[in-house]
Amino acid sequence: AKKMGRNMFQFYEPAMNEEAQERLRIENALRKALERGEFALHYQPQVDLESGRIIGAEALLRWQHPELGLVSPARFIGLAEETGLIVPIGAWVLRTACAQAREWLEHSHGHAPMRMAVNLSARQFSQPDLVQTIAAVLAETGLPPACLELELTESVFMNDVAQAVSLLRQLKALGVTLSIDDFGTGYSSLAYLRDFPIDVLKIDRSFVNDIVTDPDDAAIVVSVIALAHNLKLRVVAEGVENREQLDFLQQHGCDAIQGYYFSRPVAPEQFEHMARQGRHL
Ligand code: C2E
Ligand code: CA
Ligand code: CA
Ligand code: CA
């Protein structure tokens, strides 16, 4: 860099340089995090609004960095996607979540088996061996495919629609459940709801937030629930933080909720505790 002279350095704002360095630091640390076992999964319960019971969990990635402490996925998932590191990290998430779900299944003692929801990034979705990877994880862990739910965002449909449809069909053929995450925030098209073999819509938390005070948000949520049900899809509302939101969703026939009102994402032992207590709404 020295050779390029001082113009090179004048071009960059000092702040930008710091930001680039920070990214590089995180990227290097991410590479090592997998080997060092610094990742963990927390689990957030999904609660059925009819029975009030926990029917599933969403696995959410946590990074326990030796110096930085607990790093939020908001700070590193984007970078992991850009660098492709999300592929090995995502495979670890999938294996760990399925092994956990299999273990919980053994202790379910006659209760309906819980479903484990795992986030799949667009980058993972475009890996040619995605279907084999998922089939292998299911075989390895012995988790019944119906207990695995894959959460996809609308961004995965943006590229090659025909290819996406074919891939979703292959995933469905494995017997897994498919859900659309953050529904309504991305490239929302009614065509994919028609053409793609989807089972669940997750209404984004930005719509749920002001559901009680904003008539537009309320109208959108009520319409999405009706749309989903007419298409025979289940609806899960995300980011439910209070009783009023819960009541609204229940009154309008939403199937299940996820949110701080019931529980934050928690470590596996805490999740087990909640499930064992038979905790419900
Ligand atoms: P997401 O998939 O939409 O996950 C839900 C996020 O909302 C989680 O944030 C969760 O902690 C948070 N949340 C749940 N209930 C509430 C609530 O009542 N109020 C509020 N304000 N927030 C709530 P988290 O764990 O920080 O994850 C952020 C995002 O990072 C996730 O959004 C997902 O896009 C991504 N992510 C997390 N784990 C993974 C993973 O294993 N793989 C991939 N590809 N992405 C992941
Ligand atoms: Ca999700
Ligand atoms: Ca979401
Ligand atoms: Ca809509």
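Q: First up, E151 and D181: buried or exposed?
A: E151 is buried, and D181 is buried as well. Keep in mind that this is a predicted model.

Q: Which protein donors hold the calcium ion (ligand 2)?
A: E58 (OE), N119 (OD1), E151 (OE) and D181 (OD). They lie 2.1 to 2.3 Å from the ion.

Q: How are those donor residues of ligand 2 spaced in sequence?
A: The pattern is E-x60-N-x31-E-x29-D. E151 sits in strand β5 (residues 148-153) and D181 in strand β6 (residues 177-183), so this pair ties together parts that are 30 residues apart in sequence.

Q: Where do D181 and E238 sit in the chain?
A: D181 is in strand β6, and E238 is in the loop between β8 (234-237) and α11 (243-251). They are 57 residues apart, so to speak two distant parts of the chain linked by the pair. E238 is buried, as is D181.

Q: How far apart are the two calcium ions, ligand 2 and ligand 3, and which residue coordinates both?
A: They are 3.9 Å apart, and D181 coordinates both.

Q: Switching to packing. How many residues are in the largest nonpolar core?
A: It has 80 residues. L148, L171 and L249 have the most contacts inside it.

Q: Which helix gives the most to that core?
A: Helix α4 (residues 86-106), with eight residues.

Q: What does L249 touch?
A: Leaving out residues up to four places away in sequence, its partners include L49, V208, I211, V221 and I225. A237, V240, C254 and I257 are also touched by L249.

Q: Back to α4. What is its reach from first C-alpha to last?
A: 30 Å for 21 residues, close to the 30 Å expected at 1.5 Å a residue.

Q: Which residues of α4 are buried?
A: I86, I89, G90, A91, V93, L94, A97, C98, Q100, A101 and W104.

Q: How do α4 and α6 cross?
A: The axes of α4 and helix α6 (residues 130-141) come within 9 Å and cross at roughly 35 degrees. The crossing is right-handed.

Q: Which residues make that contact?
A: On α4, L94, R95, C98, A99 and R102. On α6, I134, V137, E140 and T141.

Notes
Residues numbered from 1 in each chain as written. Chains lettered and ligands numbered in written order. Predicted model: local features only at pLDDT ≥ 70, side-chain atom pairs only at ≥ 80, totals over all residues. Heavy atoms only, no water. Core = buried A, V, L, I, M, F, W, Y, C linked by side-chain atoms within 4.5 Å. Buried < 20%, exposed > 50% of the residue type's maximum accessible area, 1.4 Å probe, protein only. Helix = DSSP H or I, 4+ residues; strand = E, 2+ residues; numbered from the N terminus. Contact = heavy atoms within 4.5 Å. Expected span 1.5 Å × (residues − 1). Donors = N, O, S within 2.8 Å, 3.2 Å for Na, K, Ca; no water. Axes fitted to C-alpha atoms, helices over the stretch in contact; angles between N-to-C directions. Left-handed = near helix turned anticlockwise from the far one by under 90°.
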